[in-house]
Amino acid sequence: MDGRSEFLCGVVEGFYGRPWSMEQRKVLFQWMQRWELNTYLYGPKDDLKHRLLWREVYSPEEEGQLRTLIVESEKRGLRFVYSLSPGQDIVFSSACDLSLLKRKLRQVSKLGCQAFAILFDDIDHSLCQADSQAFSSFAHAQVSVANEIYRFLGEPPVFLFCPTEYCGSLCSPSVSKSPYLMTVGEDLLPNISIIWTGSKVISRELSVEGLSEVQSVLQRPPLVWDNLHANDYDSRRLFLGPFKGRYPQLATQLRGLLLNPNCEFEANYIPLHTLGTWYRTGREEKKGKKRDEEHQYCPEMALSTALHDWMEELSQPLQPGCVCVCVCVGGTQKISTQSEGGDGEEREKKLHNNQFQQGPGQPRSPGGVLCVGKAPLSESQIRLLVGLHYLPHEHGPSAQRLLQDLTWLKEHCHLVSANDKKGPPQKAEEWRGRAAGFLGVCEEIAALHSSVVSGVSKAVLYDLYPYVWDLRNTALVAKAFICWLGCGTTTGAELLGVESEPWVFKGGVSGELQMLLPIGSNSELFSHPPPLFPTSRLYNIRPYHNKDKAELYCMVRQLQQGAQGSPNSSPAHPDLIGDRCLGPCLALCPEYSMVLEDELGVCGCVLGVVDVRSFAKRCQTCWISPPEDQGEYPDSLLYHFPSQLRLDALPDLVDISVTRCLLTALLTALKANGSHGVFCEMQPTDRMRLDFLTKLGFLEIIRGEARHREGVVLGRLL
């Protein structure tokens with residue numbers, strides 16, 4: 001095939017981050033052959049010998065791997081393009097550097113490679129002193145080297161050049177007036193193709209006008225390096241949506257189009273599947289076929305086809321050992337120490353699909369029971385997964401609804417406030433109905449996380465898990481916040497969170513949900529690495545109900561007995577520990593008490609006091625004795641940290657992040673009602689709890705000796 005005339009369409013492995021494995025690339029070549037793509041460009045930024053150590057030749061073992069890739073690509077009918085990025089430290093006028101560049105490309109050429117690219121992207125524009133004396137401009141230096149290498153390789157049919165100004169936003173002063181681009185267009189040999197990403201590094205659309213302008217300056221059709229699905233710039237985003245915003249008719253103005261996709265290989269099934277549909281549609285139109293609207297490229301139709309095919313692949317029976325199970329290794333996930341057995345064993349005897357306890361206005365999932373997803377993902381779950389991780393500039397329908405509902409529910413929470421007696425009842429019902437829909441989507445996200453853990457292969461789980469885990473956690477906090485608003489206890493003091501235009505915040509749907517919460521700007525509460533051992537267990541965070549008291553008392557008694565290593569010291573009064581530790585908060589300020597539960601029942605709680613001074617006075621008049629950890633705190637502490645919390649969780653929690661979500665849910669409620677700081681007191685020997693809170697931004701304020709007590713006081717501003 002003649003590479004000079006063929007439209008190059010395929011994949012560029014050009015992202016920052018861990019390169020794909022050899023096995024993944026072989027799977028990629030199978031996909032590309034199936035979807036009739038024709039070109040693969042090798043250029044992972046973190047391959048040391050591609051960029052940082054470009055002068056070094058490959059070892060015999062590395063040569064063997066490259067040769068295998070080249071042979072495998074040819075077997076699949078693909079063109080293998082090898083790229084090199086010498087721009088960070090090359091001396092353009094150095095005969096030595098030029099010789100080393102030729103040596104490296106000669107080595108790859110001898111392995112069977114017949115197509116090459118030289119990349120000068122993401123580098124400084126300045127020239128060293130030697131180059132300044134040898135060349136009139138930065139562009140002339142690059143063009144001189146590219147032309148010489150092109151001739152040295154025998155003028156291969158495919159030779160690509162990536163300029164430093166590779167998109168409209170990087171051109172100075174503009175595309176049409178850029179001296180750099182003009183020099184490249186005039187002096188680069190005409191059969192060398194020039195790479196372009198569009199108006200921006202990540203272009204929402206590619207327009208006819210924009211491509212015509214750059215084609216005029218470059219004096220040739222550009223080859224688009226498309227970053228539509230690239231996610232190496234945001235560790236919390238993944239893009240599973242269809243190839244979109246590029247009309248097949250644009251192919252007539254392009255040398256080719258290569259998609260630089262997600263770093264996570266398994267996340268690229270739909271992007272590449274739909275790219276193949278786009279390419280085939282344009283090719284058929286070029287041949288004069290299928291010109292009617294019914295057969296034009298439609299991203300939504302291409303997505304439906306790709307979803308169907310992907311679901312079939314994901315539904316393949318899992319091999320033995322591919323299902324992740326709940327494992328707690330060495331107690332590393334514990335917050336409170338406890339001897340195994342006792343009441344913990346009773347929890348395990350409960351049915352694994354135990355129904356969550358839910359409060360007024362909180363919807364149940366279909367069938368009334370939240371079950372662990374043990375089967376492969378359903379079609380609706382895959383659509384939800386894609387909709388929540390869609391495209392850089394566009395969310396899917398489920399994500400749009402989630403963000404719109406949370407914004408509306410915050411702005412109209414006065415409709416269900418206990419202080420608002422004037423609002424019409426139908427408005428309150430509207431709020432609760434919309435809240436039910438929001439909570440339902442949050443539950444679907446939790447079930448999706450569970451199904452991904454237990455219903456997909458290890459390869460897919462490895463690539464998708466950090467993203468569904470992150471979104472599951474943010475949805476847990478948002479769900480708890482809306483449940484708390486529904487109780488009507490908010491004053492609306494700090495309710496609106498951080499206001500900004502869409503797309504400003506990183507993190508995709510998860511990041512935008514986070515920033516809509518009153519505590520959203522505190523990123524340390526939301527951004528943490530996922531656990532080493534994924535669990536499919538479902539969790540729920542909700543406001544406290546009176547019926548929870550017995551279970552919470554049992555839990556705190558169990559924790560204290562485990563910490564002391566002794567049985568109940570007062571069997572005649574089993575509620576004594578609960579009355580001392582939890583009783584005052586549950587009785588006097590239950591609106592700041594939240595419960596964590598899993599399929600087996602209650603497994604954690606966090607209790608808060610919004611104003612410690614007034615709470616202490618109420619305790620003196622309304623409670624038999626002050627709480628266990630309630631002492632005389634200095635005014636200087638209460639001025640900066642007026643609120644207090646207590647956190648308890650059973651040690652059999654596999655995913656410690658849900659405890660972080662529980663704490664964050666309380667901090668969100670305290671912030672929403674005007675608190676600007678919170679503290680907690682604990683024993684200095686409780687290292688796990690101290691480490692846990694320190695990682696969430698709590699700092700040691702005072703030690704107990706200052707107040708003739710043993711406890712350590714940690715605080716953080718809100």
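This is a predicted model: local features need pLDDT of at least 70, side-chain atom pairs count only at pLDDT 80 or more; totals for chains, interfaces and linings use all residues.
Colleague: What is the overall makeup of the chain in terms of helices and strands?

Modeller: The secondary structure comes to 22 helices and 15 strands. Of the 718 residues, 57% are buried. The chain exposes about 29,700 Å², with 53% of that supplied by carbon and sulfur atoms.

Colleague: What makes helix H11 largely enclosed by the rest of the structure?

Modeller: Helix H11 spans residues 379-388, and seven of its ten residues are buried, so the helix is largely enclosed. The buried residues are Gln-381, Ile-382, Leu-384, Leu-385, Val-386, Gly-387 and Leu-388.

Colleague: Why is Leu-53 called partly exposed?

Modeller: The relative accessible area of Leu-53 is 31%. Buried would need a value under 20% and exposed a value over 50%, so a value in between is called partly exposed. Leu-53 lies in the loop between strand S2 (39-42) and helix H2 (60-75).

Colleague: Which residues form a nonpolar patch on the surface with Leu-53?

Modeller: Leu-48 and Leu-52 form the patch with Leu-53, and together the three have about 260 Å² of accessible area.

Colleague: Are Cys-171 and Cys-581 buried or exposed?

Modeller: Cys-171 has 8% relative accessibility and therefore counts as buried. Cys-581 is buried too, with a relative accessible area of 4%. The cut-off for buried is under 20%.

Colleague: Which residues have the most contacts inside the largest nonpolar core?

Modeller: They are Tyr-82, Phe-161, Trp-431 and Ile-482, in a core of 202 residues. Helix H14 (residues 458-486) gives the largest share of this core, 18 residues. A second, separate core has 16 residues, including Ala-117, Cys-162, Tyr-166 and Trp-225.

Colleague: What does Trp-431 touch, leaving out residues up to four places away in sequence?

Modeller: Trp-431 touches Trp-408, Leu-409, His-412, Cys-413, Leu-415, Val-416, Ile-482, Leu-485 and Gly-486.

Colleague: What share of contacts in the chain join residues at least 24 apart?

Modeller: The share is 79%, taken among contacts between residues at least 6 apart in sequence.

Conventions
Residues are numbered from 1 along each chain as its sequence is written. Side-chain values use heavy atoms; hydrogens and water are left out. A nonpolar core is a set of buried Ala, Val, Leu, Ile, Met, Phe, Trp, Tyr and Cys residues joined through side-chain atoms within 4.5 Å. Buried means under 20% relative accessible area, exposed over 50%, partly exposed in between (1.4 Å probe, protein chains only). Helices (H or I, at least four residues) and strands (E, at least two) are DSSP runs, numbered from the N terminus. Contact means heavy atoms within 4.5 Å. Patches are made of residues with over 30% relative accessible area and no salt bridge: like charges are joined within 9 Å, nonpolar side chains (Val, Leu, Ile, Met, Phe, Trp, Tyr) within 5 Å. Accessible areas come from the Shrake-Rupley method with a 1.4 Å probe; for residues, only the protein chains shown count as cover. A salt bridge is a side-chain nitrogen of Lys or Arg within 4 Å of a carboxyl oxygen of Asp or Glu.
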